[in-house]
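Q: I would like to go through this model with you, one part at a time. Could we begin with the domains?

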Amino acid sequence: MASVLEIRDLYAGIEGQEILKGVNLTLRQGEIHALMGPNGSGKSTLAYIIMGHPHYEVYSGDILLDGESILEMAPDERARAGIFLAFQYPVAIPGVTVANFLRQAVSAVRGYTAQKDEEGPVGSNLIPMREFRKELTEAMQLVGIDPSFARRYLNDGFSGGEKKRMEILQLAMLRPKFAVLDETDSGLDIDAVRAVAEGVNRLVGPELGVLVITHYQRILNYIQPDRVHVMYDGRVVLSGGPELALQLEEKGYDWVRQQFGNAVKA
Amino acid sequence: MSVKTATTTQFSAEAVRALSELLDEPGWMLDLRLTAWRFFEEIPWPTGTEETWRRTSLRGFRLENYRPFVPDVLTEVEAEADLETIYREHLAELVSAGELVMDEGRAFYHRLDDTLAAKGVIFTDLHTAVREYPELVQRTFAQQVPLDANKFAALHYAFWRGGTFLYVPRNVEVTLPFQTLARLSQPGAGGFYHTIVITEEGASVTLMEDFFGGERGFHAGVVELYPGPNSRLRYTHVQNWEPTLWNFGTQRIRVPRDAEVVHLIASWGSKLSKVWVTLDLVEPGARGQLLGLYFTTDHQHIDHHTMQNHRAANCSSDLLYKGALKDTSRSVYQGYIKVWPGAQKTDAYQANRNLLLDGRARADSIPGLEIEADDVRCTHGATAGQIPEEYLFYLESRGLDRPTAERLIVAGFFQEVLERVDNADVRRKLETTIAERLDVDVADLGLEVDNNTDHNG
């Protein structure tokens, strides 16, 4: 049965400042939803809160994965439960290679532990090297990353486009149920956007639900959403089909402001 | 061998004589020991006001708590067979050109590759070298670290016992590393290992030394490296003493024309450690790297005091010391670059980076520069900081729990130093010690992914 990620009447913020003011959104495995909105509407806050960033506070409402609240879960537990966030600004970790990082992550998410015999653990808690290498090579090919990146330090000295593609590589390796792509298109030229989008398209299918967070419509030329939501001042104010994205492109966010600005202020 | 108890339980001139007699040494060595003893008596105990001792306190250290040496080490140690098993397990981790295993300063396992021996390579314990190669030893022993270098060096020279002697003749290049295991097995004893490495012109060699054991003990060691002109010398010093041992070390390297040295110290163990490392670049074209790793826990206190002496033109030195600190531990790094008059075209770097894994840990960095030439390039820098929360969140969002994420970041932090170790076996051995220090199986650090492509085995 398809899994469901449900955001229910979520109020949340940071350091006492309310940013999300009653967000409702339901995403099913196999669906692609786009979440659009002007800067400062709370899109990235929502992404961080879904992943469990410790700096954000949830005041009320809930996030449910197949009916179970995930709010009490640490970020690593959420990852193991099948939630993934492609970061807008992935961090660089010098000294940690892409390959080692991914091997650690894949092993953690899939719950590898060492085999045991009478004398204790045999082997390591990591996915066997041979199996991992094969999988990594395939995934790199799929998302269009040169194999030499496996030995480079994670995001260290990577271009904007390389960092974003690295996020998609992680998505490919970790095989979550739900992926939130936070402004994956930001800061990229059109070729890079297309390359990243192609990577995402190769991963979508009945096993993956995707929430594409974006300011611009252009990435949606490549990733076709089933549903489009518009966020404004901490709430989802509009939802519709793919045509809504085109409408926004045409009319701009001022149109949303005019329509919903007053209502929200009240 | 009968030696009066009192002479072996206290540090004294009588104890010096008793040790020399026990070791059946030539007269010149006894004289040297007695001279060193006089220096030891003359040099005052550090009071804490001296610049080098301002941040490292000897409170709680009492010399009279330790025996200067263990006369009957043969009967006191476990059966040799047992020891040999332990050491063979340690040695098996590294394919080497030769191995030397010592306990309480006494060598009891020793191997040197036959073809290297035939080429004139000498790899033995220092006592054997004193007997069999007196000219070589007299030419080098105490020639770089003088008898009165500091209080602990003086004590070392009075009571030195055991150590490595490695000599590589002209143009002989040894690819595989040599390995020494130096243990102190007797609780409460003093240890005084001494290392000498000589490479003649055009030679090349790697030595890795592992120091361990020493429960409730104390160690005062000296390392002297003598690379010849246009030679390459790589030295790795792994300090893995028990956490109840007080460690003092004086290490010095003199680099002549066109020679290249990489000196690495990994300070994992001991209760308190104070080590001076001095690099002297004395002729044009000399190059030296000083590398350091430390990971302190509990109440550990690790102090490195380095000196990069540029005495000739066209020399380069590059220092990188990186440490991670946990609990209430503390590290001190004092480093000095000195460019002497006339040392033009000097290239000198110095960096000390500290990762604080606990708000209670403390890292002090005191860099210094003194430049008396005008055409030089010198940079230095020191940092201390915690793991950025964003790093941890990023790794956690990929399913790693916090301890695993921290371990990965710390191992990555050390990687910058490890990648400068060009011998894959030595690097692997260092990774093993890092994993031990991080309390994780080395396989779980996953570093084999990185090594895989450059491993020939």
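A: Chain B is divided into domain 1 (5–283) and domain 2 (388–457), with bounds that come from an automatic or database domain assignment. This is a predicted model, in which local features need pLDDT of at least 70 and side-chain atom pairs count only at pLDDT 80 or more, while totals for chains, interfaces and linings use all residues. Residues are numbered from 1 along each chain as its sequence is written, and chains are lettered from A and ligands numbered from 1 in the order in which they are written.

Q: How far apart do the C-alpha centres of domain 1 and domain 2 of chain B lie?

A: Those centres lie 30 Å apart.

Q: And how many residues are in contact between domain 1 and domain 2 of chain B?

A: On the domain 1 side there are 13 residues, in contact with 9 residues of domain 2 of chain B. Two residues are in contact if their C-beta atoms, placed from the backbone, lie within 7 Å.

Q: Which elements give two or more residues to the domain 1 side of chain B?

A: They are strand 8 (204–213), strand 10 (232–241) and strand 12 (260–267) of chain B. The largest share, 4 residues, comes from strand 10 of chain B. Helices (H or I, at least four residues) and strands (E, at least two) are DSSP runs, numbered from the N terminus. By type, the residues of this side of domain 1 of chain B divide into 8 nonpolar, 3 polar and 2 charged. Here Ala, Val, Leu, Ile, Met, Phe, Trp, Tyr, Cys and Pro count as nonpolar, Asp, Glu, Lys and Arg as charged, and the others, Gly among them, as polar.

Q: What about the sheet of 10 strands in chain B: what is the order?

A: The order in this open sheet is 2-1-5-8-10-12-14-16-18-20, and the pairing is mixed. Strand 2 (106–112) and strand 20 (376–386) of chain B are the edge strands, each pairing on one side only. Two strands pair if DSSP finds at least two bridges between them.

Q: How many bridges join strand 1 and strand 2 of chain B?

A: Strand 1 (residues 98–103) and strand 2 of chain B pair over 6 bridges in the antiparallel sense. Within strand 2 of chain B, Arg111(B) stands opposite Glu99(B).

Q: Is helix 9 of chain B buried or exposed?

A: Helix 9 (residues 151–159) of chain B is mostly covered, with 9 of its 9 residues buried. A residue is buried if 20 or more other C-beta atoms lie within 10 Å of its own, exposed if 12 or fewer, and partly exposed in between, with C-beta atoms placed from the backbone. The cover includes helix 2 (13–22), helix 3 (27–42), strand 6 (190–191), strand 9 (218–227) and strand 11 (246–255) of chain B.

Q: On to the contact of chain B with chain A: how many residues does it take?

A: It takes 26 residues from chain B and 32 residues from chain A. Helix 11 of chain B gives the most to the chain B side, with 7 residues. The chain B side divides into 10 nonpolar, 7 polar and 9 charged residues.

Q: Now chain A. What is the order of the sheet of 4 strands?

A: This open sheet has the order 2-1-4-5, with antiparallel pairing. Strand 2 (17–28) and strand 5 (68–69) of chain A stand at the edges with a single partner strand each, so one side of each is left without a neighbour in the sheet. Strand 1 (residues 4–14) and strand 2 of chain A are joined by 9 bridges, and Ile7(A) has Leu25(A) as its bridge partner.

Q: Why is strand 12 of chain A largely enclosed?

A: In strand 12 (residues 209–214) of chain A, 6 of the 6 residues are buried, so the strand is largely enclosed by the rest of the structure. Gly209(A), Leu211(A) and Ile213(A) point one way, and Val210(A), Val212(A) and Thr214(A) the other way.

Q: Which residues stand opposite Leu211(A) and Val210(A)?

A: His33(A) stands opposite Leu211(A), and Ala179(A) stands opposite Val210(A). Strand 3 (residues 32–36) of chain A runs parallel to strand 12 of chain A, joined by 5 bridges. Strand 11 (residues 178–182) of chain A also pairs with strand 12 of chain A in the parallel sense, over 5 bridges.
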